[in-house]
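Hi everyone, thanks for coming. Let me put the structure up, and then we'll walk through it together.

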Amino acid sequence: MKYVLVTGGVVSGLGKGVTASSIGLLLQACGLRVTSIKIDPYLNTDAGTMSPFEHGEVFVLDDGGEVDLDLGNYERFLDLTLTRDNNITTGKIYQSVIDKERKGDYLGKTVQVVPHITDAIQEWIERVAMVPVDGKEGPADVCVIELGGTIGDIESMPFIEALGQFSYRVGRENFCLIHVSLVPVLNVVGEQKTKPTQHSVRVLRGQGDGLLQAENIVTLYDVLNIWHIPLLLRVRIAMVGKYTGLSDAYLSVLKALLHASVACRRKLVVDWVAAGDLEDVTAEEAPEAYKAAWDLLKGADGVLVPGGFGDRGVQGKILAAKYARENKVPYLGICLGMQIAVIEYARSVLGMADANSTEFDSETTSPCVIFMPEGSKTHMGGTMRLGSRRTYFKVNDCKSAKLYGNVASVDERHRHRYEVNPDMISQLENAGLSFVGRDETGRRMEIVELPTHPYFVGVQFHPEFKSRPGKPSALFLGLISAACRQPNTIPQNNGHLPKPVANGTSNGHVTVKPHQNGHAFKPSNGSLNGVYSNGNGVHF
Ligand code: GLN
C-alpha cells in the first residue's frame, strides 16, 4: 500500500479536499485503485452532532456513517463507497483508547498521547486502508489521507506525530507528503508572497522531516469550477497524423511538446489519432475506429497537426483543424498542418467547397496552396525550400510575436515544396484569418493566426527542430499554455518559464460561498465521466 498524505498550511478552506480528490483521480486515471481517509481533529465522534451552518453538510454513507462533507467529494470524484471508519476523528481515537483502558488492556501502564493515541491512529489508518471501497476485491493500491485543519493547530499535533511515525512504519518509499498552502498575491503587479508558506513548512519540518525541492512545487491557480483542478495537473494533446503510433516519425515534434510541457509543469499525454480514421468513409467501413478517433480528438486539450506529404489522411486532418477552430480548442499546425488549416478556412468560411492544395488536387478551382515557383518538379531529392529562413512579423500584437518575445523576426527551419497561394491572401484575411508572419518579400506566408480563437496558429516552418530542453519552442509553449487553459502564463521571453497568473486575471476565481468557519461551498453533485475515458494515450 502506498500512502499519500495531504496537509494544509496557512489557512483553512484552500481546497485540500479537492486537491486530494484530484490526485486520487489522476492516480485512478493511471490505472491504480484508490481509497481515501479523512482525518478531522475535532473531539466530536462524528459530524452528526455538528451544525451544517458551522461545519458544512453532514454527508451520509451507505453504512449510516455521518461524516465530513469531504468524504462526499471523495465518493463523487473517485466513485467510491466509503465506510464510517474512513473518517477518523479525535473523538473516535480517544474513545477507542479510553475503552481499552477501561477494559484493562493497558493494565499497569500510564496511558499517554504518545505512544497510545499515536499508535491507535496508525493502527486505524493501516486497518481502514486495506478495506476495498471501489467494489473490487482486495485492498487498493494507494490510500490518500487528508488531514483536516492547518499545520500548527494544537489539536492536530497528535496526528502529525502519528503520521510522521507512520511514514517510517510503512517505509519512506511508500509514503508521500503533499502540503497545500496559500501563496497570496498582494498587489496589482501580481507579486506572490511565500512567507506564510515558509512558516507553515518550518512547523511541518519541526514535527517531521519533510524535504522540499523546487521541482516538487506545483502552482494551482484559482479556477471557476473545482472540477477543473484535475485537468490542471495534466495536458492531453491529440497528434493527428498519417504515421500514428510511429513516434519516431514525429520525434522532434514529441520532444518539443515534452519541453513545453515540462516548462508548464504539466504531465504530457499524447494521443495518436490516425487522420484517416476521422474521415466519413471510416464511419461506414470501421465505425469503431471512427468513434475511437473522434473520442480521442474530443478528449484533447490541444490539437497538433504535424508536417506531411501526400494526400492520404488529408481530409481527416482538415476535419481536425475544423473541429479545433470551431470549438476553440488550441491548435498548432506545422507545415502541412498550416496548409490544411488554410484550406479548411477557405472551404468552411469562404464557402469554397473545392479549395485544396495543388499537391492533392491539381485541377482545383480554388488553389489555396500551390507549388512554389522556384521548385523543381523533375528532381525530388534536396530540391525543397530547406533550412533556416527568416520570418518577419507583419502584425506585432499577434500571439506568436508575443510568444517569441516581441522580436521583429525569427529564424526557423523549413522543408516544403508548396506554399499558401499569395493571390488568395486578401480574400482569406478579409474573412478573418491573419497572416502575421511572412518572408522578406512579404509574398510568402510563414505564420497564420485566427485572432478570435484562444490559440489557433499555423506555421509553414518546423519550430520543433529548434526546441531544446529548458528552452522550449515558443509556439509549442503557446500550445501547451493554452491547452492548460492558462493563456496568461505565456511568457514574454522565449524559453523562460511561464509566469504565474495573478488573481484578478481572466482566469477568474473560485466562486465560493464560505460557511462561518470558512468551509468552501462544494457542489452537491458533479461528474468527470468521460474525461479519462478516451483511450490510452502515451504518457511522458
Ligand atoms: N507537403 C507539403 C509541402 O511540401 C508540406 C510539407 C511538410 O509538411 N513538411 O509543402
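Predicted model: local features only at pLDDT ≥ 70, side-chain atom pairs only at ≥ 80, totals over all residues.

When I say helix or strand, I mean DSSP runs, H or I of at least four residues for helices and E of at least two for strands, numbered from the N terminus. Residues are numbered from 1 along each chain as its sequence is written, and side-chain values use heavy atoms, leaving out hydrogens and water.

So, who surrounds the ligand?

Now the polar side, meaning pairs of N or O atoms within 3.5 Å. A side-chain N or O atom of Glu-359 is 2.8 Å from a ligand nitrogen. For Arg-415 a backbone N or O atom is 3.0 Å from a ligand nitrogen, and for His-462 a polar side-chain atom is 3.2 Å from one. Alone, the ligand exposes 290 Å², and the protein buries 99% of that; these areas come from the Shrake-Rupley method with a 1.4 Å probe.

Last stop: Arg-385, in strand β14 (residues 385-393). Is Arg-385 buried or exposed? Its relative accessibility is 7%, so Arg-385 counts as buried, the cut-off being under 20%, with exposed over 50% and partly exposed in between (1.4 Å probe, protein chains only). Its side chain also makes a polar contact with that of Glu-446, at 2.9 Å; within protein, one atom must be able to donate a hydrogen and the other to accept it, and residues adjacent in sequence count only if both atoms are side-chain atoms.
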